[in-house]
Amino acid sequence: MPSMTTTNSRWMKWALGGFFTVTALLLGLVLFGDDVRRLFGSSADSLAGQDSVTPRTKTFAATGTDVKKTLSHFGVSSESYDSYGGPAAPQPALAPNGFVSADRDAKSTFAIDVDTASYTYARRQLKAGLRVEPSTVRVEEWVNAFRYDLEGPSSEPWAIHVEGAPSPFTAGRTLLKVSLQGRRVSSEARVPANLVLLVDVSGSMAGDDRLPLAKRAMHQLVDQLDGRDRVALVTYAGSTDVVLPSTSGADKRALHRAIDGLGSGGGTAMGSGMELAFREALAHARAGVASRVMVFTDGDANIGPVGHAAILARVKHAVTEGVMLTTVGVGMGNYRDHELEQLADHGNGQSLYLDGPAEAERVFSQRNLPGLLQVLSKDVKVQVAFDDSVVRRYRLLGYENRDVADADFRNDAVDGGELGAGHTVTALYELELSGRGPLGTVSVRGLEPTTRAPFEVSRRMSADVLAASVNEASPDFRFATAVAMAADVLRGNGAAGVSLREARALAETALGEWPERAEFVELLGRALSSDGSRAQARFESAY
């Protein structure tokens, strides 16, 4: 009979063995969970499809019946910060637009969007070997992150361009691209700028991809300014400070020295910093000058009012007076994509993200500066009125949080988006046609920035805007379609009706001489081939 000592020893070995087995299983699930789920067909990474673009017939599982369009989230506040400002859970993605029967609701109305942060942030994730967070994918921002070869207007603030073709993805459907091209303005002809650079110098900005990258971007911006412009530098951490009062853009030495002197440490009083920055901008606002606050931050906020609604409430009067807000995001881990996008939208500015030095140089280049600083038209809305004798059903890809009630298209008190000099705005629709003939009318309405006088342009969509096949459509059409469809897949829309392989194959037919298009195709290859789960686990363990 075994002794008590031997029994205890065997029991201890068994217990220790069980403990290490369970630990190994749990660790395996953390590191290889997506691989296990993929075996059972439940991984979000299972995105592979056919190797070529071929017409096929599919049904939209999530939108098998027609849905009535409803007013969505544009202008609705949403708090996602916890009371201590800790990392927020990913913002739930808005449900993708479903098909709408034109005989029930023939009008599609939305505010324009020229943000690009969603695409640039996804690019950073993919280059790092991570899986794209679906809640951060906004289709319209992906499409509008690219340049297109569109003719500008002769005298109006914008020109309207429409083209379409049969869908290469789903037989019986048609794709329609509606684009605006803002009037181009040279750097010499742009209006003077009254800028306040608001910089987050809290402890969370210490990484090389945060404050040092923001400083590089500000140096690049300062290099493009001149004596017409004025710049102030404001910082916030545990407290706020005017590091440099409003200074001539020609005084490069003072501006560069102030930027070089920035260091990080402390908490994040974003609300107080925003208040001080807007006060500084208002103090130097004047007629004929574009006044704007640019906040450089990872989006963290853990002191004082932390949600975007609370922060905006404190500076609403300044926004009403014409001071605009541009958010420039940096870093990962605690990056607040949703909060910064909402701050920019309601501050009448752009939401941008810097994923490296190249993007900092591109955003603040001489070529892009007029669009960054000068607004051609405020509160711009688009209304596409379909002819229900020709269009049976339609689906707008993206713009879910930019939806505007049809009746408010000409209500100039309802907020829209701002169109900057040279900006391009593109929207993609998926249509089901019931006949041949004019598709309807596109109308665009905006307000003159200074007088707020309304301006409206309309264009009929004749039948000849539709090419006979996707191969006969322009390269811009093919590429924009590929980007929109890829974004629709990566945000988790099971009703997208396309695979990443098909979107990539279509994009490859429209590369031209645009290096950013070739990079997009390469990124889709990463999304298809990489398993980001292990890299994701390693990355998150650092925060």
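Student: Which side chain meets Glu-516 in a salt bridge?

Tutor: A salt bridge here is a side-chain nitrogen of Lys or Arg within 4 Å of a carboxyl oxygen of Asp or Glu. For Glu-516, the N to O distance is 2.9 Å, and the partner is Arg-147.

Student: Before we go on, what sort of model is this?

Tutor: Residues are numbered from 1 along each chain as its sequence is written, and side-chain values use heavy atoms, with hydrogens and water left out. Local features need pLDDT of at least 70, side-chain atom pairs count only at pLDDT 80 or more, and totals for chains, interfaces and linings use all residues, as the model is predicted.

Student: Back to salt bridges: how many does the rule give?

Tutor: Apply that nitrogen-to-oxygen cut-off of 4 Å. The count comes to 29 salt bridges.

Student: How many residues apart in sequence are the parts that Glu-516 and Arg-147 tie together?

Tutor: Helices (H or I, at least four residues) and strands (E, at least two) are DSSP runs, numbered from the N terminus. Glu-516 lies in helix α13 (residues 515-529), while Arg-147 is in the loop between α3 (139-143) and β3 (158-166), so the pair ties together parts whose separation is 369 residues.

Student: Is Glu-516 buried or exposed?

Tutor: Buried means under 20% relative accessible area, exposed over 50%, and partly exposed in between (1.4 Å probe, protein chains only). Glu-516 has a relative accessible area of 19%, so it counts as buried.

Student: And what does Arg-147 count as?

Tutor: Its relative accessibility is 35%. That makes Arg-147 partly exposed.

Student: Which residue forms a salt bridge with Arg-395?

Tutor: Start from strand β12 (residues 391-397), where Arg-395 sits, and go 35 residues away to strand β14 (residues 424-433). The closest N and O atoms are 3.1 Å apart, and the partner is Glu-430.

Student: In what sense do β5 and β8 pair?

Tutor: Strand β8 covers residues 290-297, and seven bridges join it to β5. Leu-195 stands opposite Arg-292 in β8. The sense of the pairing is parallel.

Technical notes
Two strands pair if DSSP finds at least two bridges between them.
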